[in-house]
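Me: I'd like to learn how to read a protein model feature by feature. Can you take me through one, step by step?

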Amino acid sequence: MGLSADQVRERLARVRDEVGSEVTIVAATKYLSVTELGVLAEAGIEVVGENRAQDLEAKHAAHGDAFRWHFIGHLQSRKAKLVSEICELVHSLDSESAARRLQVPALLQVNLAGEASKSGVSPEAIPAFLELYPRIVGLSTMPPATDDPERSRPYFEKLRELAQECGLRDLSMGTSQDYKVAVEEGATMIRIGSVLYQS
């Protein structure tokens with residue numbers, strides 16, 4: 001990473017000014033080492049999101065009390081118990097088997113574009129999951145990759161509409177590329193990495 005805590009703190013403050021105090025900024029730590037997480041703690045990052053259960057376990061062992069922990073990667077059912085022990089929220093629930101083993105609040109991941117390469121349930125499957133797992137508190141999505149943030153807007157708008165129809169409050173959507181558009185469309189959480197770390 002090669003960044004100082006001061007640099008991360010400055011970038012975090014800039015994003016906070018852009019998105020407001022009501023949006024939870026989740027710092028994506030997939031590409032950061034255990035030692036680099038110490039820089040995030042020093043910079044004032046409060047919530048981190050990890051993609052892999054084994055990395056989550058190692059990073060939490062070293063920095064457990066420094067952050068609130070979220071899981072943002074694909075959730076395998078056999079890892080649900082471990083994730084439940086560490087995280088306060090899962091952003092990526094998308095299987096019945098994981099739902100049966102999970103023990104913390106979750107966001108249901110919705111694959112709005114129907115991309116075969118991405119995880120997530122279809123919009124039609126949402127009601128069944130809400131019955132299966134009462135601890136679903138919101139929805140999440142990852143639109144198709146694009147260089148133009150505006151192309152993500154229709155997906156964010158659709159996710160907001162689906163959440164409203166289901167009476168769900170939280171929306172995890174938007175990454176470093178398109179978080180401003182996501183917040184305009186109602187995101188309550190954004191998952192950002194490069195905008196905080198890369199020079």
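Reply: Start with one residue. Asn51 sits in the loop between β2 and α3. Bear in mind that this is a predicted model.

Me: Is Asn51 buried, exposed or partly exposed?

Reply: Read the relative accessible area against two cut-offs: buried is under 20%, exposed is over 50%, and partly exposed lies in between. Asn51 has 22% relative accessibility, so it counts as partly exposed.

Me: What is the volume of the largest pocket, and which residues lie closest to its centre?

Reply: The volume is about 800 Å³. The lining of this largest pocket has 32 residues, and those closest to the centre are Ala28, Lys30, Tyr31, Asn51 and Ile72.

Me: How does the lining of the largest pocket divide by residue class?

Reply: Count nonpolar, polar and charged residues. The lining of the largest pocket has ten nonpolar, 17 polar and five charged.

Me: And what does the second largest pocket look like in volume and lining?

Reply: The second largest pocket holds about 210 Å³ of space. Its lining has 13 residues, with Pro143, Pro144, Ala145, Thr175 and Gln177 nearest the centre. By class, the lining of the second largest pocket has five nonpolar, five polar and three charged residues.

Me: How far apart are Asn51 and Gln177 in sequence and in space?

Reply: Compare the two separations. In sequence, Asn51 and Gln177 are 126 residues apart. In space, their C-alpha atoms are 18 Å apart.

Me: Let's turn to strands. Why is β1 described as largely enclosed?

Reply: Count buried residues along the strand. In β1 (residues 24-28), four of the five residues are buried, so the strand is largely enclosed by the rest of the structure.

Me: Which strands does β1 pair with, and in what sense?

Reply: β1 pairs with β8 in the parallel sense, over four bridges. Three bridges join β1 to β2 (residues 47-50), and these two strands also run parallel.

Me: Which residues stand opposite Ala27?

Reply: In β8, Ile192 stands opposite Ala27. In β2, Val48 stands opposite Ala27.

Me: Where do side chains point along a regular strand?

Reply: In a regular strand they alternate between the two faces of the sheet. Take that as the general idea.

Me: Next, aromatic pairs. How is one described, and how many does a search of the whole structure find?

Reply: Two values describe a pair of aromatic rings: the distance of the centres and the angle of the planes. A search of the whole structure finds one aromatic pair. The rings are those of Phe67 and Trp69, with centres 5.7 Å apart and planes at 90 degrees, so the pair is edge-to-face.

Me: Are Phe67 and Trp69 buried or exposed?

Reply: Phe67 counts as buried, at 7% relative accessibility. Trp69 is buried too, with a relative accessible area of 3%.

Me: How many salt bridges are there?

Reply: The count comes to 14 salt bridges. Look at the N to O distance and the exposure of both partners. One of the bridges joins Asp55 and Arg52, with the closest N and O atoms 3.2 Å apart. Asp55 is partly exposed at 24%, and Arg52 is partly exposed at 33%.

Me: How are Arg100 and Glu96 placed in their helix?

Reply: Both are in α5 (residues 96-101), four residues apart, so about one helical turn separates them. Arg100 is exposed, with a relative accessible area of 59%, while Glu96 is partly exposed at 44%.

Me: Which parts of the chain does the Glu184 and Arg153 salt bridge link?

Reply: The closest N and O atoms of Glu184 and Arg153 are 2.6 Å apart. The pair links distant parts of the chain: Glu184 is in α8 (residues 179-184) and Arg153 in α7 (residues 153-166), 31 residues apart. Glu184 is exposed at 55%, but Arg153 is buried at 18%.

Me: Which residues are linked with them in a network of salt bridges?

Reply: The network links Glu150, Arg153, Arg160, Glu184 and Glu185.

Note on methods: Residues numbered from 1 in each chain as written. Predicted model: local features only at pLDDT ≥ 70, side-chain atom pairs only at ≥ 80, totals over all residues. Heavy atoms only, no water. 1 Å grid on protein atoms, 1.4 Å probe; cavity = no way out; pocket = protein on both sides within 12 Å on 5 of 7 lines; lining within 4 Å. Points joined across faces, edges and corners; volume = space filled by probe spheres on them. Nonpolar A, V, L, I, M, F, W, Y, C, P; charged D, E, K, R; others polar. Phe/Tyr/Trp six-rings, centres within 6.5 Å; stacked < 30°, edge-to-face > 60°. Buried < 20%, exposed > 50% of the residue type's maximum accessible area, 1.4 Å probe, protein only. Salt bridge = Lys/Arg side-chain N within 4 Å of Asp/Glu carboxyl O. Pairing = 2+ DSSP bridges.
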